[in-house]
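Below is a short walk through a predicted model. Please keep the sequence and the 3D view at hand while reading.

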Amino acid sequence: MHRRLCQVCGGPADRDERGWLWLLEDERDSSSTWPDGEMTTHPPVCRPCAPVAARLCPHLRRRGAVAVRVAEVVVDAVYGHRYHHGPFGLYAGKADVFLTSSWSITWVVGNQLVASLAQCTVLDPVETGIKTPLSRVQIRR
């Protein structure tokens, strides 16, 4: 995630003047600013691997994949379990996202890094070669 390597092949992720190539779950109807401000545990992709990731990743298949270019990426959180003191010692809380700037981060055992995405441009599916379903907003009409 820090080195912006492709989530499929481990090579350098694709980058142009608009930013890094990222595949995100289709949440276009959840916010007028989406995908700016999106937090993701999924690394970027290289151009040849984008169709493979869209087809094989369970998270992307479930809601559909949307390709975006991301100009600003900040790895600022972890996904994991925060541990708490209990009557019988430490116990793991529910898995969640914790900012690295939080006081409680010292009690977190992280599973994945989380990146915040900004200055995003949603791409035309033809440009990336991935098949994407229509957004749920378009389907309801």
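Start at Ser-104, which touches Arg-82 and Phe-98 when residues up to four places away in sequence are not counted. Ser-104 is found in the loop that runs between E5 and strand E6, the latter covering residues 108–122. Is Ser-104 buried or exposed? Ser-104 has a relative accessibility of 3%, and because buried means under 20%, Ser-104 counts as buried.

The next step is to the strands. Strand E4 spans residues 65–86 and strand E5 spans residues 89–99. These two strands pair in the antiparallel sense, and nine bridges join them. With two residues between them, E4 and E5 form a hairpin.

Which residues does Thr-41 contact, leaving aside its neighbours within four places in sequence? They are Met-1, Tyr-79, Gln-112, Leu-113 and Val-114. Thr-41 can also be placed relative to Val-75: 34 residues separate the two in sequence, while their C-alpha atoms are 9.5 Å apart in space.

Notes. Residues numbered from 1 in each chain as written. Predicted model: local features only at pLDDT ≥ 70, side-chain atom pairs only at ≥ 80, totals over all residues. Heavy atoms only, no water. Pairing = 2+ DSSP bridges. Helix = DSSP H or I, 4+ residues; strand = E, 2+ residues; numbered from the N terminus. Contact = heavy atoms within 4.5 Å. Buried < 20%, exposed > 50% of the residue type's maximum accessible area, 1.4 Å probe, protein only.
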